Amino acid sequence: MALLSEGLTQVLIPVAALIGLAFALLQWFLVSRVKVSFTSSDGNGCKDKLIMGEEEEGIDNFSVTLKCAEIQNAISEGATSFLYTEYKYLSIFMGVFGVVIFLFLGSVKGFSTESEPCTYNTGNMCKPALANAIFSTVAFLLGALTSVISGFLGMKIATYANARTTLEARKGVGKAFITAFRSGAVMGFLLAANGLLVLYITIHLFKLYYGDDWEGLYESITGYGLGGSSMALFGRVGGGIYTKAADVGADLVGKVERNIPEDDPRNPAVIADNVGDNVGDIAGMGSDLFGSYAESTCAALFVASISSFGVTHNYVAMSYPLIISSMGIVVCLITTLFATDLFEIKNASEIEPSLKRQLVISTVLMTAGIAVVTLVALPSEFTMFSFGTDKTVKNWYLFFCVSMGLWAGLVIGYTTEYYTSNAYSPVQDVADSCRTGAATNVIFGLALGYKSVIIPVFAIAFAIYVSFSLAAMYGIAVAALGMLSTISTGLAIDAYGPISDNAGGIAEMAGMSHEIRERTDALDAAGNTTAAIGKGFAIGSAALVSLALFGAYVSRAGIETVDVLTPKVFIGLLVGAMLPYWFSAMTMKSVGSAALKMVEEVRRQFNTIPGLMEGTAKPDYATCVKISTDASLKEMIPPGALVMLTPLIAGTFFGVETLAGVLAGSLVSGVQVAISASNTGGAWDNAKKYIEAGNSEHAKSLGPKGSDPHKAAVIGDTIGDPLKDTSGPSLNILIKLMAVESLVFAPFFAAHGGLIFKWL
């Protein structure tokens, strides 16, 4: 018997979620103490103003401060407007796809309201298929809504904090770091606590109807993961197209052709670029990691429900994935205090080590937390469902499974950092290749990306082998959960990057001194590397989540073995391996088309607005924002449709075995393409920053800004932008979304799928 009682478990999980929400609100309160408004004494009410930090010589502090408030407002309005429009389209998709889920699952038994024999818990009666259809649809809508809220709240917090970080930079780099990191922590804790609380409440509400039918209950809960990831896909693709169209347009015309600094207020695309950081890197990443968390939890719960935990109705053991997430919130809370309260940042060189220290501290503390949870929540021995047989598992096996995922995440994070940080030789070699032009820069960057795949793939493979050997598919599901258990810290580090990037842009546009810009650049450079680490975590966890969902799908669809030698499976394998390339082609071309329009518009404004280059006339920011918005909303539909329709078409027309091949193929090739794309783009970006910073003799020999090597580096950076911020991050959603969609629709495919092979 487990040491933890059922009553205590039912209290601990929501309490941990509420602690996470309370901590997020505390961090938001601390950030909000850098005031943005005041009531004027002349009775005119509220007027935008940011409290000034230290005075800067030779600069009109009051006008600069008002300028900061004005820019912050423009970025916030642009991001809010885009997300409202995007969510308006997505609400239509949610409604339509909800109906599709209901019709497909309801038709499995002809919309029967009669109870039926359970699939796994033989001898017992389970709720009708119609109930599964209704509750899966409700879970899908709840998951989608939670994903949207997670992304939107993240964006609002980031746009709230960017100018505050800029102003705190006047007091020193340490103050600015704490403001940016606290803001990231607000998003991290809100998302983790929100996801856990909504899932916990959903399970308990569904249980009112399902009662003892845990098999049906947790099968319908998988819709929650599908909802989360489907919203994440559109958020990631739409946001990625938006931000990179603006970024490429701003860089190519501003830096290369006009030789003006990044984020120069004369550049017409500069506001769209800063808005893009929030809708792509913040809202998109938030929805993406929420989707991974929801799917890994749902996969673990489903496998557990058809194992001894579900059969014997062991609530505490069944809740093991939720207790792990609860422990993760507490561990991340302690970890955050190390960055904000216990260690003070005194100079720029301490920023990156401080962020990396967060990863190590959270991983070490979480390992101890997993040991405690495993000891108190699980019986000493139990059985796990493993493709038709029951595997005997000891509780300490699961400790190793979860820890394996957790430490594999750290290995992937550190490998990503080695290949994308300009502190190490791979990026310095890419920067050095810029001496001979953009072509050699591109060759070196691509080679770096391909090479960076090796260690992460071995880490994922090792984690899979150990986890599956110890606890079958449940082991892989909890390994994915282990990698995501420190999601609050991971997201805080990840959101910190775009907030710092925005802060630097605001400093440049507001005309602050060079010293302030240097401080924000130092924050941004560290953020760039940590963003790459975040993407590494997202891709690694997506691989484990997809495999766990794949196992659950194979079990639910009644496939005994997936034999690659059978033509049905092999054709699926080939098509699945091709899908990441098709998807990447769509997203890359979308960014290219939108960037083309952006470049033409920016050139037009520079050529036709008198006094723009001299700084005496203002550019038309709104037109550039509109180009990015229109392009992203239009272009996100085809890639999204490809991912959402592939499992439906493959399962309905070619059957469950071909679909199993498609899922395996997309997982294997998608992970490789995603890692190489993200790391190539990150390396090109940091090679450019290495030359711009000029912090070493080698870097100085390649600079300064505007030199031929720098221009070659900017071209590499613009090629890498859609790779690291659109295609790469979206691919991890592709592999896990197709897997969770297949699992949700598995009853329909098993009953009515394979129409073409039936006709032949």
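Hi everyone, let's start with a lysine: Lys 127 lies over the face of Tyr 209, at 4.9 Å from the ring centre. By that I mean that NZ of Lys, or CZ of Arg, is within 6 Å of the ring centre and within 35 degrees of the ring normal. Arg 357 does likewise with Phe 343, at 4.4 Å from the ring centre.

Before going on, a word on the model: it is predicted, so local features need pLDDT of at least 70 and side-chain atom pairs count only at pLDDT 80 or more, while totals for chains, interfaces and linings use all residues. Residues are numbered from 1 along each chain as its sequence is written, and side-chain values use heavy atoms, with hydrogens and water left out.

Now, the rings. How many aromatic pairs does a search of the whole structure find? The search finds 30. Rings of Phe, Tyr and Trp (its six-membered ring) pair if their centres lie within 6.5 Å; planes under 30 degrees apart count as stacked, over 60 as edge-to-face and the rest as tilted. Tyr 209 turns up again here: the ring centres of Phe 135 and Tyr 209 are 5.1 Å apart and the planes are at 25°, so this pair is stacked. The two residues are 74 residues apart and link distant parts of the chain, with Phe 135 in helix H3 (residues 129–168) and Tyr 209 in helix H4 (residues 173–210). Helices (H or I, at least four residues) and strands (E, at least two) are DSSP runs, numbered from the N terminus.

Are these two buried or exposed? Phe 135 is buried, at 17% relative accessible area, whereas Tyr 209 is partly exposed at 35%. Buried means under 20%, exposed over 50%, and partly exposed in between, with a 1.4 Å probe and protein chains only.

Compare Trp 396 and Tyr 397: their ring centres are 4.6 Å apart and their planes are at 90°, so that pair is edge-to-face. Trp 396 is partly exposed at 45%, and Tyr 397 is buried at 19%. There is also an aromatic cluster, whose members include Phe 93, Phe 140, Phe 234 and Phe 745.

On to the helices. Two packed helices are described by the angle between their axes and the distance between the axes. For H6 (residues 270–305) and H9 (residues 320–342), the axes come within 9 Å and cross at roughly 145°. Axes here are lines fitted to C-alpha atoms, for helices over the stretch in contact, and angles run from 0 to 180 degrees between N-to-C directions. Tyr 293, Thr 297, Ala 300 and Leu 301 in H6 meet Pro 321, Leu 322 and Ser 325 in H9, where contact means heavy atoms within 4.5 Å.

Helix H5 (residues 214–257) has 44 residues and reaches 63 Å from first C-alpha to last, close to the 64 Å expected; the expected span is 1.5 Å times one less than the number of residues. Of those 44 residues, 41 are buried. After H5 comes Asn 259, with a positive phi near 55°.

Phe 111 sits in the loop between helix H2 (61–106) and strand S3 (116–117), and His 313 in the loop between helix H7 (308–311) and helix H8 (315–318). Phe 111 is partly exposed at 36%, and so is His 313 at 29%.

Last stop: Thr 629, in helix H18 (residues 621–635), is buried at 14%. Leaving aside neighbours within four places in sequence, Thr 629 is in contact with Phe 82 and Tyr 242.
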